[in-house]
Amino acid sequence: MATLKDISKETGISITQVSRALGGFDDVNAETRRRVEEAAAKLGYRANLMARGLKTGQSGNVAMVVPRQLDASAREVLFEVVWGISAEFSRRGKRLILHVTAYANDISVYDQLYRSGGVDGFVVIGPTVNDPRIVQLADRGIPFVVHGRDPSCAHDFVDLDNAALIGSMVSAARKLGHADIAFLNGPADLPFAQARARGFDQAVKGAGDCRILNAPMTFEAGHDLTISLLTGKNPPSAIIAGNLMMAAGVYAAVKEAGLQVPRDLSVLAHDDGLEHYDPDAFDPPIGGTRSELGAAWSALASSFDRRITHPDIEAQVTELEFEFRQGASIQPPRE
């Protein structure tokens, strides 16, 4: 079986750098990593994870715990989250374990998995305010990183600036003259939705008839909320949807009402870069903000590696960038 020493001899790269390249460490440049990976493939190298565990005291396993019952939007996103994070940890010589629980509030499983020695820590997704998972993991000193954030405490997380994200869409609508704007937001008790609500309120500055409607971020919610807005008193001239699933429901409701986007209603939405939701496939192509979920995986894995290597460091905060695209779904409101 080929060893790190064999790869070092093949490439002329030190054993230490070979080890770090195969381990996915960020301080190894792309060219070195490429040479090491090519040599490893050529020589048939396989990492001895059992030996590594005996040496480091780590299993190489990272767990993600999810409840069996998820709403439609969460199920839609979960596959891409698991796929992306698993691929990134695999590149770094680790394995992602998906553990499904019967109940959403079952936090005892975290202790059980960690104390058994089967996992080195956790990736937490969909945090709430005063999230019991985060509180327990922090109290126990168990390594974890969060996709999203719980504003009630300090912890390692990777997230968007959700307030600025929504603010940029409101600003784009207001520059075109829209004063009556409706924002279809996620559930009101979730931190990301609360941050987006703050961003919306700051951006509208009390102008016109601007309102926030909270609901699960699904096609059905987008459709039903839009129908109620269009048939109610003082329909908005623009709608901002929290994601493209909601936006698809908005488009369907507009068509059902015999109206057109953007002639009768301008629409913007946030695009997470989900495989089955292409903003250019909307008719007309939808504008708004975009930040691909895939940009988070490397940052999450790096944050987890730092926490494992330096357990006493301060909480590491990573805010991902987003971009705004105009699209063809927004124009000045009709007189």
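Tutor: Two strands pair if DSSP finds at least two bridges between them. Helices (H or I, at least four residues) and strands (E, at least two) are DSSP runs, numbered from the N terminus. The model is predicted: local features need pLDDT of at least 70, side-chain atom pairs count only at pLDDT 80 or more, and totals for chains, interfaces and linings use all residues. Residues are numbered from 1 along each chain as its sequence is written, and side-chain values use heavy atoms, with hydrogens and water left out.

Student: Which residue is the bridge partner of Ala63 in E3?

Tutor: Strand E1 (residues 61-67) pairs with E3 in the parallel sense over two bridges. E3 (residues 121-125) also pairs with E4, again in the parallel sense, over four bridges. Opposite Phe144 in E4 stands Phe122. In E3, the partner of Ala63 is likewise Phe122.

Student: Are the residues of strand E4 buried or exposed?

Tutor: Buried means under 20% relative accessible area, exposed over 50%, and partly exposed in between (1.4 Å probe, protein chains only). In a regular strand the side chains alternate between the two faces of the sheet. In E4 (residues 144-147), Phe144 and Val146 point one way and Val145 and His147 the other. All four are buried.

Student: Which residue in E5 is the bridge partner of Val146?

Tutor: E4 and strand E5 (residues 157-160) run parallel and are joined by two bridges. In E5, the partner of Val146 is Phe157.

Student: What hand does the β-α-β unit of E3, H7 and E4 have?

Tutor: A crossover is right-handed if, with the strands pointing away from the viewer, the path from the first strand over the helix to the second runs clockwise. Here the helix between E3 and E4 is H7 (residues 132-140). The unit is right-handed.

Student: How far apart are the axes of H6 and H7?

Tutor: Two packed helices are described by the angle between their axes and the distance between the axes. Helix H6 (residues 108-115) packs with H7 at an angle of about 35°. Their axes are apart by 10 Å.

Student: Is Gly232 buried or partly exposed?

Tutor: Gly232 sits in the loop between helix H10 (219-231) and strand E8 (238-241). In sequence, Gly232 and Gln202 are 30 residues apart, and in space 25 Å, C-alpha to C-alpha. The relative accessible area of Gly232 is 32%, so Gly232 is partly exposed.

Technical notes
Axes fitted to C-alpha atoms, helices over the stretch in contact; angles between N-to-C directions.
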